[in-house]
Amino acid sequence: MITLTPLRNFDVPVHASCINPDEFKSKTLKEIAELPVTEGNRNLTLSDLFKIEQDKTETPSITLNGDFKKVKRVGQGMKTGEIIINGNAGMHTGERMAGGKIVINGNADSWTGSEMKAGTIEIHGDAGDYLASPYRGSGTGVKGGYIIVDGNVGNEVGCYLKGGVIKIKGNAGIFLGYHMTDGAIYVEKQCSSRAGAAMTGGKIILAGAVSELMPSFTIDSIKPKVKVDKTQSVAGPFYVFLGDLADHGTGKLFVSKTNNPQLAFYEKYL
Amino acid sequence: MAEILVKNGFVVDPTNKIDGEKMDIAIKDGKIVKKVNERKAKIIDASGLTVMAGGVDIHSHIAGAEVNMGRLIRPEDHYKDAVRKTKLTRSGTGYSIPSTFVTGYRYSTMGYTTVMNGSFAPLKAKHVHEELNDIPLLDKGTYPLLGDWWFVLENLAKGDIEECARHVAWMMQSTKGYAIKVVNPGGLESWGFGHNVHSIDDQVPNFCITPREIVRGLIKVDKMLNLPHTIHLHTNNLGQPGNYKTTLDTMRAIEDLSTDGKPVAHITHIQFASFAGDDWGKFRSGADEISKYINAHNHITLDMGQVIFTDTTTMTADGPFEYTLYTLSGHKWVNSDVETEASGGIIPFTYKKNNAVNAIQWSIGLEIALLVKDPWKIFMTTDHPNGGPFMSYPRVLAWLMSKKAREATLKRCHKKAQKKSLLPSIDRELSLYELAIVTRAGTAKALGMPNKGHLGVGADGDVAIFNINPETTDIAKKYKAVRKAFKESVYTIKDGKIVAKDGEVVDNTTPGRTMWVDVKTKQPCIINEEMKRKFREYWSIEYENYPVSDHYVKVSDKLTVEASV
């Protein structure tokens, strides 16, 4: 196991895509220390910014202790191994990851798990905007994998989702699951407006109160319970909406009946 | 200025019929000369290397409002290709639409020294020249879109070719353009009303004219004005299945206009205009029909518009075609109508090997390039960025030069494309000599640039040296080495200065010239109150502010031609 601790507070963003189990594997401590990172516009090595220690335990492969909020692209493209971040994580953590596991014992910044294909990300704090969403302008969504967030998430989470499961135990911002085509998103508490805008497939389960429902969704039925993934199903009852009709979509939006009495008027259309 | 002597290289110069001869090339004061003082000159040892003239790209969208709009809507494109600054070069971004400086650097490191901007709406001329000024290390030119300009349509409908010619001459001067660009003639004007034209004999709404008359009229205008390049034509129905018939109709319609056996039109990105089949399901290649016609006639030149399997951005003045792409892909779409002149559209697009249509498109481009026997008739382009970014040129060259390279790609394509492709039946592999024609000598000739594309005495001192030894390398087998060699020239010399070496830019002091045509008509275009009134009523820019003044062009290379009207 390699342990990294920041030597000081960072004022400008640090790009450290080399903090990656695949990269560290089969490298000596000295080679790891010389991996390139940039701080702002300066080219540095890993040992210029972090204290690097090694011990004999196998898992996790990398432990990051301290505030990594300014450190971007940790675990970018990782395929195997495990990273534990004891502190906040920076932007683009686990971007394009294709396997392995990242555990964040703190808050995660924006674009965590962006464009990931497989693997697991556990966030034991809040997550920022664009969780599991592609970079601005891109349509390359998450293809698979599993993301679980204990806290709240920001706006535009799970955009262009093509597969995989996102579970959020707190609240979610606007445009949840924008343009998603497959996969599942589950929000336990409140969800802000425009969930599922432009979705054409997949499912969004909103177990808490919903501030506003898109008018381009139509009610289909009421179901007593709904399955999130193979291991979990949630007791309802749930209104089942289909949409987004503006994009000829057949995505499913499950909204809790008990927590959303304002939607009761939909029942007359059943 | 420094003298340079390139010694002992294998010189490939088709214009002067030199094929791999070991000889020296001397450059002095930015021009190729007979000899230089060996003791004073900088000697470049090119033994074992291939020496060619600097590359001349006939059609590439590198500057203008459309290109810039493409950059604006694609942050994800820049995100994956950020270019850091060095001591000499500026920072920038790629990928499919590189920023201006990066465009210059990347072309230069591939051995290109001249690039022509594929099209621009005359209204946006100032923007084009601002961007061209910022593209370093290259000589540039640009083609104004004139096929749907109201003055052209009105005068041609009246049958007044001479007045039309004067207006075109005025426009060429005012926008500092190089050649007449015609895109989907009649279609762009129709698109302003939500329509398109579907054959060369459809009526253009409100103008009582057909695409056939527009193309024929502008060819006559081009001849009257003695412009260096022929008209640069993007045909009707581009990108529609079965459009090879329209392309053939267009070529037949102008057959009689070539009186001296010289080309009268350049049909650009022919791949997009050679689709056969009734719909996308029955989509197949029309390369056979097109190439048969081209082999039997001499009045047309072509460029490939080759498709590369990558994520790119399509941009064209052909607004209705971009709408078709939008309905197919559902991707983000820019649509525009440029006042009285043109339309435009932009859509990001990914060409995929496992998509039957895309894979057949890839095959069509190569089929035509290989089936047209005379390399002086078809040139290599990707219609950057429509078929793929220009950085992919080395891959296209490898496909042209090696059957093995084509097979390697074809076997990973969609099954349907493999079955329908004509490529397995084509054994032709371009030699270095033919390659120099399709990338430099032929394009320079078609563009009417006597000083470019060759290494004869008096030519511009633009030289590219590649790491290919024709004596020891079997280029058809070692296609990967060829690809690498064309990706990074050993030396690129521009105007007698070494600007790139081993794939790195080593000079930032050469801005490159902007070539434009100043047409002197016998009678000037009559700028009467009527014309000014039209400017006031139909344009957002007044007549007085419309022309690009001389100070806009940083390094101006004016070509003055005497018109016969």
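This is a predicted model: local features need pLDDT of at least 70, side-chain atom pairs count only at pLDDT 80 or more; totals for chains, interfaces and linings use all residues.
Confidence is considered for chain A. The mean pLDDT of chain A is 94, and 100% of the residues in this chain reach 70 or more. Among the elements of chain A, the lowest mean pLDDT, 92, belongs to helix α1 (residues 21-24). The highest, 97, belongs to strand β11 (residues 146-149) of chain A.

The two chains touch each other through five residues of chain B and five residues of chain A. On the side of chain B, this contact consists of three nonpolar and two charged residues, with no polar ones.

Two cis peptide bonds are described here, beginning with chain A. In chain A, the bond that joins A:Gly243 and A:Asp244 is cis, with an omega of about 0°. A:Asp244 is part of the loop that runs between strands β16 (233-243) and β17 (251-256) of chain A. In chain B, a cis bond leads from B:His384 to B:Pro385, and its omega is near -5°. B:Pro385 is located in the loop between strand β20 (378-379) and helix α13 (393-401) of chain B.

Positive phi values occur at non-glycine positions in loops of chain B. One of these is B:Asn206, with phi near 70°. B:Asn206 sits in the loop between helices α7 (187-191) and α8 (211-224) of chain B. This residue is partly exposed, because 13 other C-beta atoms lie within 10 Å. Another is B:Glu339, for which phi is near 40°. The loop that holds B:Glu339 lies between strands β18 (334-338) and β19 (342-350) of chain B. B:Glu339 has 15 C-beta neighbours inside 10 Å and therefore also counts as partly exposed.

Helices α5 (residues 150-158) and α6 (residues 161-175) of chain B pack against each other with their axes 8 Å apart and at an angle of about 165°. The pair is therefore roughly antiparallel, since angles over 145 degrees fall into that class. The crossing in which α5(B) passes α6(B) is left-handed. From α5(B), the residues in the contact are B:Phe151, B:Val152, B:Asn155 and B:Leu156. Their counterparts in α6(B) are B:Glu163, B:Cys164, B:His167 and B:Val168. By class, the contact between the two helices comprises five nonpolar residues, two polar residues and one charged residue. In general, an α-helix has 3.6 residues a turn, so residues three or four places apart point the same way.

Helix α3 (residues 100-109) of chain B is mostly covered, as 10 of its 10 residues are buried. After α3(B) comes B:Gly111, which has a positive phi near 90°.

Between B:Asn545 and B:Thr268, the separation is 277 residues in sequence and 32 Å in space, taken from C-alpha to C-alpha.

Key: Residues are numbered from 1 along each chain as its sequence is written. Chains are lettered from A and ligands numbered from 1 in the order in which they are written. Helices (H or I, at least four residues) and strands (E, at least two) are DSSP runs, numbered from the N terminus. A residue is buried if 20 or more other C-beta atoms lie within 10 Å of its own, exposed if 12 or fewer, and partly exposed in between; C-beta atoms are placed from the backbone. Axes are lines fitted to C-alpha atoms, for helices over the stretch in contact, and angles run from 0 to 180 degrees between N-to-C directions. Angles under 35 degrees count as roughly parallel, over 145 as roughly antiparallel, 65 to 115 as roughly perpendicular and the rest as oblique. A crossing is left-handed if the near helix is turned anticlockwise from the far one by less than a right angle, and right-handed if clockwise. Two residues are in contact if their C-beta atoms, placed from the backbone, lie within 7 Å. Ala, Val, Leu, Ile, Met, Phe, Trp, Tyr, Cys and Pro count as nonpolar, Asp, Glu, Lys and Arg as charged, and the others, Gly among them, as polar. pLDDT is the predictor's confidence in each residue, from 0 to 100.
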